Amino acid sequence: MSDTTTNTIELIKNPSKQTTAKTILIIGVFHGEEPQGEYVIKRYLESANFENITNHLNFIPCLNPWGKERGVRGNHNGVDLNRNYPTKNWIETEKDEFYSGTHAASELITQQMTELLKELKPDIILTLHAPLKCVNYDGPAKVLAEKIAEFCEYPVIADLGYPTPGSFGTYCGVERNIPIVTLEYDDKEDYESIYRKTEKIFDWLALY
């Protein structure tokens with residue numbers, strides 16, 4: 001059975017009956033102009049059978065509904081939610097599409113996510129982005145990223161080639177040693193193709 005929290009963040013839990021289950025957290029739509037993640041998560045939730053899964057699967061279909069409704073990257077304060085985490089490298093940036101906020105964890109969603117991470121204690125995190133067509137990773141996740149890349153036939157890239165101060169990947173992977181993979185879809189790829197690739201990844205994570 002799935003249950004949805006009543007907090008601002010929509011967290012959908014699919015618990016496993018296994019005593020050795022890993023806790024997997026999958027997040028869609030950090031950025032409002034990247035709606036693919038919500039689509040694949042919601043479609044998967046409608047069709048998947050969670051009765052005999054090995055691991056606890058936790059889904060956040062859309063972390064940034066305000067931005068998604070308007071097709072913009074940031075939230076209602078113009079903050080890039082993937083630059084707002086209280087990392088050692090956080091800096092206040094220019095007020096452009098990558099704006100990091102007035103201070104680290106200035107946004108309510110960021111505060112709720114940091115509390116959620118303490119509660120869930122995820123063993124693996126997968127975030128769904130676009131449009132770079134690659135599998136990026138932070139922390140001890142190289143082998144995990146390589147396996148995920150087999151399903152989607154995207155290259156594995158450890159460094160995107162530009163600084164990402166205050167990122168979720170740095171907060172979780174680099175500073176907390178949680179294996180985190182960022183799946184960057186090709187935004188020119190049709191949704192059916194994207195879903196079929198991601199369905200295989202979700203199925204594998206359910207039994208990993």
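View 1. In strand β8 (residues 180-184), 5 of the 5 residues are buried, so the strand is largely enclosed by the rest of the structure; buried means under 20% relative accessible area, with a 1.4 Å probe and protein chains only, and strands are DSSP runs (E, at least two residues) numbered from the N terminus. This is a predicted model, in which local features need pLDDT of at least 70 and side-chain atom pairs count only at pLDDT 80 or more, while totals for chains, interfaces and linings use all residues. Residues are numbered from 1 along each chain as its sequence is written, and side-chain values use heavy atoms, with hydrogens and water left out. I180, T182 and E184 point one way from β8, whereas V181 and L183 point the other way, and all are buried. In a regular strand the side chains alternate between the two faces of the sheet.

**View 2. The strands paired with β8.** Strand β5 (residues 124-129) runs parallel to β8 and is joined to it by 5 bridges, where pairing requires that DSSP finds at least two bridges between two strands. L126 stands opposite V181 in β8. Strand β6 (residues 134-138) pairs with β8 in the antiparallel sense, over 5 bridges, and here Y137 stands opposite V181.

View 3. C62 is buried at a relative accessible area of 10%, and C134 is buried at 1%.

Terms used: Buried means under 20% relative accessible area, exposed over 50%, partly exposed in between (1.4 Å probe, protein chains only). Helices (H or I, at least four residues) and strands (E, at least two) are DSSP runs, numbered from the N terminus.
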